Each structure stands twice: as structure tokens, then as C-alpha cells.
Amino acid sequence: MEVIHKIGRRKTAVARVYVAKGKGNITVNKKDMAEYFTTATLQYKVNQPITMTNNDGNFDITVNVYGGGITGQAEAIRLALSRAMCELDAENRAILKPEGLLTRDPRMVERKKFGQKKARKKFQFSKR
């Protein structure tokens with residue numbers, strides 16, 4: 001098996017995932033995953049596609065991720081890993097699809113409009 005390369009995106013985060021045969025090491029931006037994602041929730045999000053497809057400890061995963069915050073980055077990695085698991089075995093698609101792990105979340109930050117404080121918030125109107 002050669003290295004599988006997939007891309008995942010969420011908000012402004014972009015994750016490039018490289019999956020190869022190995023012992024189950026996950027490296028994110030040249031750091032261990034537990035060091036990069038300190039909370040258990042984010043670690044769970046990253047591991048979700050691997051555990052659901054019963055591939056714990058089968059692959060070494062290298063991730064390059066940039067942009068956004070840590071939650072967006074974790075979800076971008078989750079999408080990329082889900083895509084990689086589907087390429088490894090087509091049967092994995094039936095497991096991941098109902099959970100919504102193969103869907104790119106389209107929600108983005110709405111842009112600020114001129115003459116307003118934020119995207120929807122207006123400047124305070126005073127009647128003096």
C-alpha cells in the first residue's frame with residue numbers, strides 16, 4: 001500500500017492527511033496528536049473515522065493543518081481521514097456516511113458590512 005493523500009476543510013482550516021501502513025501514530029504539524037490537541041473532545045473528533053472503521057493501530061497518519069482555530073482544524077482532519085478511509089475500503093463509506101463524516105460543513109463566517117458594527121449588528125441609534 002502506498003501513501004494515501006486527502007484534503008479536508010472546515011471554516012478557514014485546511015488539513016492535508018497522509019495515511020500509510022504503520023503502528024497507529026498520528027502526527028499533527030510534526031507534533032504528537034495528544035500534544036497538539038490537548039482536550040479529549042478534539043482528540044475524539046480526530047480519531048472518530050479511524051475507530052468507526054475498526055482501523056485502530058493499523059496506519060501511521062501524518063497531518064499538515066493550517067488556518068482557523070483548533071476546533072475547525074480538528075474537524076478538517078476528521079473529514080480528510082474519513083475520505084482516506086473510504087479510499088482504503090469502499091465498504092467504509094456505508095459506515096461513515098450516515099454519521100455525516102463525509103459531508104463538508106459549508107458554514108463560514110459572514111462578512112462584515114459597511115455602515116455596520118459587524119455582519120448583522122448595527123451601530124447603536126441614539127435619539128438626542
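**Figure 1. Antiparallel pairing of strands β2 and β5.** Strand β2 (residues 13-21) and strand β5 run antiparallel and are joined by eight bridges. The model shown here and in the following views is predicted. Within this pairing, valine 65 of β5 is the bridge partner of alanine 15. Valine 65 also belongs to the covered face of β5.

**Figure 2. Parallel pairing of strands β3 and β5.** Three bridges connect strand β3 (residues 26-28) with β5, and the two strands pair in the parallel sense. Isoleucine 26 has isoleucine 61 of β5 as its bridge partner. Like valine 65, isoleucine 61 lies on the covered face of β5.

**Figure 3. The two faces of strand β5.** Strand β5 spans residues 59-66 and presents a covered and an uncovered face. Phe59, Ile61, Val63 and Val65 make up the covered face. The uncovered face consists of Asp60, Thr62, Asn64 and Tyr66.

**Figure 4. Salt bridge between glutamate 87 and lysine 6.** Seven salt bridges are present in the structure. In one of them, glutamate 87 pairs with lysine 6, and the closest N and O atoms are 2.7 Å apart. This pair links distant parts of the chain, since glutamate 87 is in helix α3 (residues 70-88) and lysine 6 is in strand β1 (residues 4-10), 81 residues apart. Glutamate 87 is partly exposed, with a relative accessible area of 44%. Lysine 6 is likewise partly exposed, its relative accessible area being 24%; this value does not count as buried because that class requires under 20%.

Figure 5. Glutamate 110 forms a salt bridge with lysine 113, in which the closest N and O atoms lie 2.5 Å apart. Glutamate 110 counts as partly exposed at 37% relative accessibility, and lysine 113 is also partly exposed, with a relative accessible area of 25%. A salt bridge also joins glutamate 110 to arginine 120, with the closest N and O atoms 3.1 Å apart. Glutamate 110 and arginine 120 are both in the segment after α4 (92-96), ten residues apart, and the pair links distant parts of the chain. Arginine 120 has a relative accessible area of 62% and is therefore classed as exposed, for which the value must be over 50%.

Technical notes. Residues are numbered from 1 along each chain as its sequence is written. This is a predicted model: local features need pLDDT of at least 70, side-chain atom pairs count only at pLDDT 80 or more; totals for chains, interfaces and linings use all residues. Side-chain values use heavy atoms; hydrogens and water are left out. Buried means under 20% relative accessible area, exposed over 50%, partly exposed in between (1.4 Å probe, protein chains only). Helices (H or I, at least four residues) and strands (E, at least two) are DSSP runs, numbered from the N terminus. Two strands pair if DSSP finds at least two bridges between them. A salt bridge is a side-chain nitrogen of Lys or Arg within 4 Å of a carboxyl oxygen of Asp or Glu.
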